[in-house]
Amino acid sequence: MKFKLENKYFRWGLTAFLVIAASILFYYVLFYGSDIKVGIKVVINILMPVVFGFVTAYLLTPVLNFIEDKILLFFCRKCKIKPSKRRNSLVRGIGIILTMIFFFAIIHGLFSMLLSQIVPSIQNIVINFDSYINNFTRWLNRLLEDNADLKNYAMRLVNKYSVELEAWLNDTAFTTTSELIRRVSLSVIGIFRVLWNFLIGLIISVYLLASKEKFAGQAKKIAFALFEKHTANVIIKNFRFTHRTFIGFISGKILDSIIIGVLCFIGTSILHTPYAVLVSVIVGVTNVIPFFGPYLGAVPSTILIFIVDPMHPLNCVYFVIFIVILQQFDGNFLGPKILGNSTGLTGFWVIFAITLFGGLFGVLGMFIGVPIFAVIYAGIKSIVNTALKKKNLPCDTQAYVNVGSIDEEGFHAEEKQGEKNK
């Protein structure tokens, strides 16, 4: 027997069940929130290989699609190899192998750069920090030698914050990087746990990539089995939009940031900027954050370059000019070419999403907040437009800019305050 959602008794029962379930859930969250968090953490730790596999497969799906569509299938068409089940299986297998080679090349490159460039750079900054501060102090004394009061005030600020910065570098940056290397080198149990999660997750991701169409088909089958056709179609459409928004934004932003990091390294190497690799990594990594990212990367990098060599301030000026040009190139050419209009949000809503989700979830929220809010925004927009269509009203926002009222006769323009006063 098939239940229909339009049956009023079924709807009443479903509503009552959801209300009772929500009340029970609210009670347990309110009074047993800490226990629930512990339980969730335990489940997540157990399922970490599965989570890693899903995330890896999801992020590598565009790479696999590109290799299959643009390389392998193009080769098959050129060689006039007819479509068949065997050909498709062979193309998928070769595509997965090439995708995994690309994935391991990225991982190897990141670890090589981390161990050979970034960690030694941070350690070198910590070791030479006192000399950098002394150089900065001499430059400040020379600059403010005609104003004793301002010089004394500036010296107090430098002494205060240099001590705090040095403590942070020693206790956080240097200790964290050294501890990370030590744990990776010495913790046998930790290594086996990480390797286990990595290997199992990698195997899961391969299975997901190999059968991604089948899993998608099973999900659609479940949707059509549980819901009416129209409802299932709407759910599938919304999932497709969510997928396009997330994968388009995330993959595009990562690619954009890698290109910006490489260009930054080339430019800083030509300019002989101190710690060119570290500065380029900072600029590239922070660039994944929309809108605020370029500033978050440029400001600390500029301060670092200036403190390292304050006697040659032109190096800092050249770097700032180069970063401004690079970000203009990214914002006006590279970013739009790669990302297009993947979110559909205006500048205000991008800033709003970054502020909201960044405050809730930190740096990760600043990155994923934009696509999440884009999906929410699109959902609200769809609901509003559907309601307007039922009332035979236009959906274009511009049609309501000068509207003061709407009655049976149609739209009436908003009265100006000056006309009212007359």
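Predicted model: local features only at pLDDT ≥ 70, side-chain atom pairs only at ≥ 80, totals over all residues.

Reader: Let's start with helices. How many of the residues of helix α10 are buried?

Author: For helix α10 (residues 276-286), 9 of the 11 residues are buried, so the helix is largely enclosed by the rest of the structure. Among the buried ones are Ala276, Val277, Leu278, Val279, Gly284 and Thr286.

Reader: Which helices do the buried residues of α10 pack against?

Author: They pack against α4, α9, α11 (293-308) and α12 (313-339).

Reader: And how do I describe one such packing?

Author: Two packed helices are described by the angle between their axes and the distance between the axes. Take α4 and α10: the angle is about 105°, and the axes lie 9 Å apart. Angles of 65 to 115 degrees count as roughly perpendicular, so α4 is roughly perpendicular to α10. On the α4 side, the contact is made by Met113, Gln117, Ile118, Ser121, Ile122 and Ile125, and α10 contributes Val277, Leu278 and Val281.

Reader: On to the rings. How many aromatic pairs does a search of the whole structure find?

Author: The search finds 13 aromatic pairs. One of them joins Phe103 and Phe104, edge-to-face, at 5.8 Å centre to centre with 65° between the planes. Phe103 has 13% relative accessibility, so it counts as buried, whereas Phe104, at 39%, counts as partly exposed.

Reader: What about Phe249 and Phe367: where in the chain are they?

Author: Phe249 sits in helix α9 (residues 229-270) and Phe367 in helix α13 (residues 347-390), 118 residues apart, and their pair links distant parts of the chain. The Phe249–Phe367 pair is tilted, with 6.1 Å centre to centre and 35° between the planes. Both Phe249 and Phe367 are buried.

Reader: Which residues form one aromatic cluster?

Author: That cluster is made of Phe348, Trp349, Phe352, Phe373 and Tyr377.

Reader: Last one, a charged residue. Is Arg87 buried or exposed?

Author: Arg87, found in helix α4 (residues 85-127), is buried yet has no salt bridge. A salt bridge needs the charged atoms within 4 Å, and the nearest side chain of opposite charge, Asp69, is 8.7 Å away from Arg87. Leaving out residues up to four places away in sequence, Arg87 touches Leu73, Cys76, Ile81 and Lys82.

Notes. Residues numbered from 1 in each chain as written. Heavy atoms only, no water. Helix = DSSP H or I, 4+ residues; strand = E, 2+ residues; numbered from the N terminus. Buried < 20%, exposed > 50% of the residue type's maximum accessible area, 1.4 Å probe, protein only. Lys, Arg positive; Asp, Glu negative; His and termini not counted. Contact = heavy atoms within 4.5 Å. Phe/Tyr/Trp six-rings, centres within 6.5 Å; stacked < 30°, edge-to-face > 60°. Axes fitted to C-alpha atoms, helices over the stretch in contact; angles between N-to-C directions. Parallel < 35°, antiparallel > 145°, perpendicular 65-115°, else oblique.
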